[in-house]
Amino acid sequence: MEQWREKLKKQPTRYWSRIEIESIVKELNIDRNRFYEYSKTNFQKVINRFYYSFVDHKNNSQPILNYCWLNFRKELKKTGMISESAGWVNMLRSIKDNLHYDWSKKLFLILQDGWVYEGYIEEMIAVLSEIDGLAGGDFYIVPPQYDRFVAYCEDGQCLVFYEK
């Protein structure tokens, strides 16, 4: 059993994704300037901005990331969808073709369990490609302008692309 898996036994479930991602970053020797855990003191600001930008929060004013895709604002424009049936890595690589963005700039990766990462798309794809399920669940990739995003829905096994 891998060393990071042993650490999981002593940690609350919420930390499993963080431990797995940290292990992947080390294993792939990813430059910490290109992908890193966002400032813990600012996690909630990123989550709140995402939530209040894209989720119809009238019935739930608390920013909850689990299943928030069920309550995305109706006025959001769906610009594409890619199924996991294309293959996990192929689905992730499709982000660059379907989310219109300047890829020389950083984005946020928001995990459903509340962890926030910042970095470049290539490193995000590399990390997400290696996840074996413990860090699974829904995730969202959003630029700091909060004008578009991609949502991965674990239940639907797909990525869906949105713009304001």
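Me: Which residues does Ile 110 touch, not counting residues up to four places away in sequence?

Reply: Ile 110 touches Val 46, Ile 47, Phe 50, Leu 65, Trp 115, Val 116, Asp 138, Phe 139, Tyr 140 and Val 142. Contact means heavy atoms within 4.5 Å. Please note that this is a predicted model, in which local features need pLDDT of at least 70 and side-chain atom pairs count only at pLDDT 80 or more, while totals for chains, interfaces and linings use all residues. Residues are numbered from 1 along each chain as its sequence is written, and side-chain values use heavy atoms, with hydrogens and water left out.

Me: Which residues touch the most other members of the largest nonpolar core?

Reply: They are Phe 50, Phe 72, Ile 110 and Ile 141, in a core of 50 residues. A nonpolar core is a set of buried Ala, Val, Leu, Ile, Met, Phe, Trp, Tyr and Cys residues joined through side-chain atoms within 4.5 Å. Buried means under 20% relative accessible area, exposed means over 50%, and partly exposed lies in between (1.4 Å probe, protein chains only).

Me: Where does the largest share of this core come from?

Reply: The largest share, 6 residues, comes from α3. Helices (H or I, at least four residues) and strands (E, at least two) are DSSP runs, numbered from the N terminus.

Me: Changing topic, how many aromatic pairs does the structure hold?

Reply: The structure holds 17 aromatic pairs. Rings of Phe, Tyr and Trp (its six-membered ring) pair if their centres lie within 6.5 Å; planes under 30 degrees apart count as stacked, over 60 as edge-to-face and the rest as tilted.

Me: Why is the pair of Phe 50 and Tyr 140 tilted?

Reply: The ring centres of Phe 50 and Tyr 140 are 4.8 Å apart and the planes are at 35 degrees, so the pair is tilted. This pair links distant parts of the chain, since Phe 50 is in helix α3 (residues 43-54) and Tyr 140 is in strand β5 (residues 139-142), 90 residues apart. Phe 50 and Tyr 140 are buried.

Me: And what about the rings of Phe 72 and Phe 149?

Reply: Their centres are 5.0 Å apart and their planes are at 75 degrees, so this pair is edge-to-face. Phe 72 is in the loop between α3 and β2 (77-83), whereas Phe 149 is in strand β6 (residues 148-153), 77 residues apart. Both residues are buried.

Me: Which residues do ring pairs link into a cluster?

Reply: The cluster consists of Phe 50, Phe 54, Phe 72, Tyr 140, Phe 149 and Tyr 162.

Me: Where does Lys 164 lie relative to Phe 54?

Reply: Lys 164 lies over the face of Phe 54, at 5.6 Å from the ring centre. A charge sits over a ring if NZ of Lys or CZ of Arg is within 6 Å of the ring centre and within 35 degrees of the ring normal. The charged end of Arg 34 sits over the ring of Tyr 120, 4.1 Å from its centre.

Me: Is Lys 164 buried or exposed?

Reply: Lys 164 has 57% relative accessibility, so it counts as exposed. Lys 164 is in the segment after β7 (158-163). Leaving out residues up to four places away in sequence, Lys 164 touches Ser 53, Phe 54, Leu 76, Tyr 146 and Asp 147.

Me: Is Ser 53 buried or exposed?

Reply: Ser 53 is buried, with a relative accessible area of 11%. This serine lies in helix α3. Apart from neighbours within four places in sequence, Ser 53 is in contact with Arg 73, Tyr 146 and Lys 164.

Me: Now the cysteines: how many disulfides are there?

Reply: The count comes to 0 disulfides, where a disulfide is a pair of cysteine sulfur atoms within 2.5 Å. For Cys 158, the nearest cysteine sulfur, that of Cys 153, is 5.5 Å away. Cys 158 counts as buried at 10% relative accessibility, and Cys 68 is buried with a relative accessible area of 2%.

Me: Lastly, how many residues of helix α6 are buried?

Reply: In helix α6 (residues 121-130), 7 of the 10 residues are buried. Among them are Ile 121, Met 124 and Leu 128.
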